[in-house]
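Please keep the sequence and the coordinates in view while reading.

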Amino acid sequence: MKNARTYQFATKPSIVSTAVSVGPLEKQSPFRPHFDHVYEDERFGEDSNEKGHATLIEDTCKLAIMKGGFQATDIDLFLAGDLVNQMTPTNFAARELATPFMGMFSACATSISSLITASFFLETNQMERILFGSASQHNAVERQFRYPIEYGAQKPPTGQWTVTGAGFGILSQYQRDKPYVHSATIGQVVDCECKDPLDMGSAMAPAAFDTIQQHLSQNKGTSYDFVMTGDLGKNGSAILQELIRTSGVSSYLVDKYRDAGAEFYGNNEKFLSGGSGAGCSASVYYGPIYAELLKKQWKKILLVATGALLSPLSFQQGETIPCIAHAVELTME
Amino acid sequence: MIFSIIIAFVVGGLICVVGQLLFDVAKLTPAHTLSLMVVIGSVLDGFGLYEPFIDFAGAGATVPILSFGNSLTHGAMAEAEKHGLIGVLTGMFEVTSSGISAAIVFGVIAAIIFKSKGKVS
């Protein structure tokens, strides 16, 4: 492959169905009207956060399958991931769904890395329908990456709030009335030597910039309705905007730039810098953004999901936080 | 009476300000901040400075975690006087055991009654 990293999909794989479910706090999101299901119980009726996380994934996947008019047996592959150790919530949900399954981990960028991988599988014409997406559950993920919620640790203003939510979609062969994956850029790991796990936005912004720059350089002349990153938060988005502005490469994008995490909880300062987590970008991309594409409100957008590739152990051992960003260009004809 | 309450309030508050600065400016983690406070309290008592501090600030000095360090050293030194070197080991948790046991007991009670939730700041 020449000029690797950015690929176009000749078969135009289309997202034919999506579903988004969120937890009780996410009711406060301005995106609320586009969520299919808001649960009142943050453990989804289960007795532990992790079990609830698996239920959230399973229910949302079933909803995406049902909304598309399919059955679980119609799914050729389930590609997904989450942020808990060994991805047990996704693995356990896959056990219930009983579809062929491959786990994916790109931290919070899994929402897009799963879509990119699904697009490549479809290009081979050996599969018809792939279920993709990602999810996060606040309590389970905070315990994983920051502090157990019982600890009640304070977060600085740069801190973000892990979204309890799941966004899944079904990718299938080209359908004229559905948005399709035009092209994708696979990110490289970028490490700006940030060490603060309570300021992941700053750590991830350079990775997002690298991927955006790469994608735009391969799609010169394309005009986007907007470019939306995953979960840089208010803090990280400001840094990315500054990077875009000073680089000059794509200065016209400054006004057309959005971030799912920064917008997730509106201007509610209680949520500090905004939402984060694998379920943050997934529930925005495959909920409101997908709905607006279907209505042809947008015709061409670039979704850039960002992920911080740290573990609690790597952070405690004083390692920096390597980050990644994967991009997908969606088109609605 | 009123005066000593004000002193306790102000002194206790100032200790918390130091803790907050350790979070926000020095970027220490909650665990590091906690340990540092305990060590400072312990060292202060080693030099015999914590008792006069308690006499001055009352609850302002005994409630913050600094006083846990003070109690560790206090117990160790008291027992060391009676039993020698081995007393340093047995004495450390003598004064503090009530605090530790209370934390465990009340923690268990709270965990039985309530379900934990994320804290919206």
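This is a predicted model: local features need pLDDT of at least 70, side-chain atom pairs count only at pLDDT 80 or more; totals for chains, interfaces and linings use all residues.

**Interfaces between and within chains**

Across the interface of chain A and chain B, the rule finds zero salt bridges. Polar contacts between chain A and chain B, counted where both residues have pLDDT 80 or more, amount to one residue pair. On the side of chain A that touches chain B, the residues divide into nine nonpolar, four polar and seven charged.

In terms of residues, 20 from chain A are in contact with 13 from chain B. In terms of surface, about 1,300 Å² is buried between chain A and chain B, and carbon and sulfur atoms give 52% of that area. As to confidence, chain B has a mean pLDDT of 92, with 98% of its residues at 70 or more. The model as a whole scores ipTM 0.73 and pTM 0.90.

The domain assignment divides chain A into domain 1, spanning 6–172, and domain 2, spanning 180–331. Their contact takes 55 residues from domain 1 of chain A and 62 residues from domain 2 of chain A. The C-alpha centres of the two domains of chain A lie 18 Å apart.

How much area is buried between domain 1 of chain A and domain 2 of chain A? The value is about 4,700 Å², of which 66% comes from carbon and sulfur atoms. Within the area that domain 1 of chain A buries against domain 2 of chain A, 16% is supplied by A:Thr6, A:Phe31 and A:Gln160, more than by any other three residues.

The interface between domain 1 of chain A and domain 2 of chain A likewise shows zero salt bridges by the rule. Polar contacts there number 25 residue pairs, with both residues at pLDDT 80 or more. Several elements of chain A each supply at least two residues of the side of domain 1 that touches domain 2, among them strand E1 (6–8), strand E2 (14–22), helix H3 (110–123) and helix H4 (138–145). Strand E6 (129–136), strand E7 (161–162) and strand E8 (165–172) of chain A also each supply at least two residues of that side. By class, this side of domain 1 of chain A holds 30 nonpolar, 21 polar and four charged residues.

Key. Residues are numbered from 1 along each chain as its sequence is written. Chains are lettered from A and ligands numbered from 1 in the order in which they are written. Side-chain values use heavy atoms; hydrogens and water are left out. Domain bounds come from an automatic or database domain assignment. Contact means heavy atoms within 4.5 Å. Buried area is the accessible area (1.4 Å probe) that two parts lose on being put together, summed over both. A salt bridge is a side-chain nitrogen of Lys or Arg within 4 Å of a carboxyl oxygen of Asp or Glu. A polar contact is a pair of N or O atoms within 3.5 Å; within protein, one must be able to donate a hydrogen and the other to accept it, and residues adjacent in sequence count only if both atoms are side-chain atoms. Helices (H or I, at least four residues) and strands (E, at least two) are DSSP runs, numbered from the N terminus. Ala, Val, Leu, Ile, Met, Phe, Trp, Tyr, Cys and Pro count as nonpolar, Asp, Glu, Lys and Arg as charged, and the others, Gly among them, as polar. pLDDT is the predictor's confidence in each residue, from 0 to 100.
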